[in-house]
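Subject: Structure handover

Hello,

Here is the structure I said I would pass on. Please look it over first; my notes on what was found follow below.

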Amino acid sequence: MSNGDSAVPLLAARDLTKTHGMTRALRGASVELGAGEILAVTGTSGSGKSTLLHCLAGIVRPDAGVVTYAGQRLDQLPEKRLSELRRSDFGVVFQFGQLIPELTALDNVALPLMLAGTPRGDARARAGAWLERFGVRGQGELRPGEMSGGQAQRTALARALVTGPRVVFADEPTGALDSLATEQVMTALAHTAREAGTAVLLVTHDDQVAAYADREVRLADGAVAVAGVTA
Amino acid sequence: MIGMSTRHILLGLLASGPSHGYDLKRRHDERFPQARPLAYGQVYTTLQRLVRDGLAEVEGTGADGGPERTTYRSTEDGARELAHWAGEIAPPAPFVTNEIFAKVVVSILSGGDAEAYLRAQRAAHMERMRELTAVKTAKGADLATVLSADYALNHLDADLRWMTTTAARLTTLTAEVDAA
Ligand SMILES: Nc1ncnc2c1ncn2[C@@H]1O[C@H](COP(=O)(O)OP(=O)(O)OP(=O)(O)O)[C@@H](O)[C@H]1O
Ligand SMILES: [Mg+2]
């Protein structure tokens, strides 16, 4: 199922540029994400994938260009509104270090729900179901420092999805997993996203992971090299 | 006899009991859903050769209400040959005669646009990988389907990795040529 060709994309970037010091990470990148669409962003190391994801997720502001989300200019939104929006509508997963080290896996996943006002018991019950879905229920009482890289990554995915976001931004979500664990996590992510109608921006250098998406956008030197065939 | 062959696959299918050609074809196509379907002609020729070589024999002929069919069974020699083949190491074949490789080389030699070719080939490979991933992750997919989709996915992935590296090298190579 792909809504990537629907008239109004849920999230769109047009002509983004972003310079880090001397490095032009993005030079005119444009990309669109439809509601419920899973889009893979691929490209060689340093091609600007993470920078593009950060701009689309409102974590980094581009130097030039436009980011629109559900009809509003994300790149011009005041910081406070932006962080509210990120909390209510977006989920993010990075390759490393996004879990809170002092909290158990279960509490890490329950936290976004509690921040949104769900009582602790309720939040922990729902968090447990998500850990189950990603195959790490048994690690629920471990802290991030006591988990393997793969277990931490699955916990982070559960945390990104627990609030029912409209868009999940995942930067190399399977980077620390072997091929069987990658398959389990990607299957869970794709099934969940398709059932819930969640759009996913999936940054990966693994083409087998990219194949879970509806479509591929390939970056080269900070711009889109080829838009894959629309599914 | 070395290598992957229809005769060993048919011997393998006969190992679970006598069978006729039509049934063997059907079971082959079921077991190896991502493989090219067997042609009937190929099945019958192969069965005849197995009989000639003493690896299989005719069990009987029957009509069973439909067209007349010959049932075959594996012989002891056939079982031995199968066990031998199944335990044999396959040669780690470098597929350097692959069409993709040949096209890139020809394109470079003839001054064509190898990069554009690689981009288009990548899109086609990714399309196929998405199809196979959908087949593999569909609810209720059986193990044979998952395994054969995986096998194809990993080979396509290997092609893609080679294409990515080659595309990067082409850029470097072109830059070197231009600088000279
Ligand atoms: N915070 C930063 N400071 C300086 N340079 C940066 C920063 N972030 C990214 N860059 C540079 O911008 C370019 C694009 O980086 P980016 O992280 O977006 O690439 P990527 O495609 O995600 O690569 P990878 O596959 O290795 O993660 C790179 O050349 C990188 O060195
Ligand atoms: Mg990156």
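A salt bridge here is a side-chain nitrogen of Lys or Arg within 4 Å of a carboxyl oxygen of Asp or Glu. By that rule, four salt bridges cross the interface of chain A and chain B. Please bear in mind that this is a predicted model.

Interface

One of the salt bridges pairs A:Glu216 with B:Arg122, and their closest N and O atoms are 2.4 Å apart. As for which parts of chain A face chain B, at least two residues each come from α6 (179-196), α7 (207-210), β9 (215-220) and β10 (223-227) of chain A. The largest share of that side, four residues, is supplied by α6(A). By class, the side of chain A that touches chain B has seven nonpolar, five polar and seven charged residues.

In terms of extent, 19 residues of chain A are in contact with 17 residues of chain B. The size of an interface is often given as the accessible area lost when the parts come together. For chain A and chain B the buried area is about 1500 Å², and 52% of it lies on carbon and sulfur atoms. Between the two chains, six residue pairs are in polar contact, with both residues at pLDDT 80 or more.

Salt bridges overall

Over all chains, the count comes to 30 salt bridges. Among them is the one between the side chains of A:Arg61 and A:Glu79, at 3.3 Å from N to O. This pair links distant parts of the chain, 18 residues apart: A:Arg61 is in the loop between α1 (49-56) and β4 (64-69) of chain A, while A:Glu79 is in helix α2 of chain A.

Cavity

A:Arg61 also turns up in the lining of the largest cavity, together with A:Cys55, A:Gly58, A:Val60, A:Pro62, A:Leu74, A:Asp75 and A:Leu82. How many cavities of 30 Å³ or more does the structure hold? There is one, and the volume of the largest cavity is about 40 Å³. Its lining is made up of five nonpolar, one polar and two charged residues.

Second largest pocket

The second largest pocket has a volume of about 590 Å³. Its lining consists of 20 residues, and those nearest the centre are A:Arg86, A:Arg87, A:Phe90, A:Val92 and A:Pro112. Two or more lining residues come from each of α2 (79-89), β6 (90-93), α3 (105-115) and α5 (149-161) of chain A. Of these elements, α2(A) gives the largest share, five residues. The lining divides into eleven nonpolar, five polar and four charged residues.

Regards

Methods:
Residues numbered from 1 in each chain as written. Chains lettered and ligands numbered in written order. Predicted model: local features only at pLDDT ≥ 70, side-chain atom pairs only at ≥ 80, totals over all residues. Heavy atoms only, no water. Contact = heavy atoms within 4.5 Å. Buried area = accessible area lost by both parts, 1.4 Å probe. Polar contact = N/O pair within 3.5 Å; in protein donor to acceptor, adjacent residues only side chain to side chain. Nonpolar A, V, L, I, M, F, W, Y, C, P; charged D, E, K, R; others polar. 1 Å grid on protein atoms, 1.4 Å probe; cavity = no way out; pocket = protein on both sides within 12 Å on 5 of 7 lines; lining within 4 Å. Points joined across faces, edges and corners; volume = space filled by probe spheres on them.
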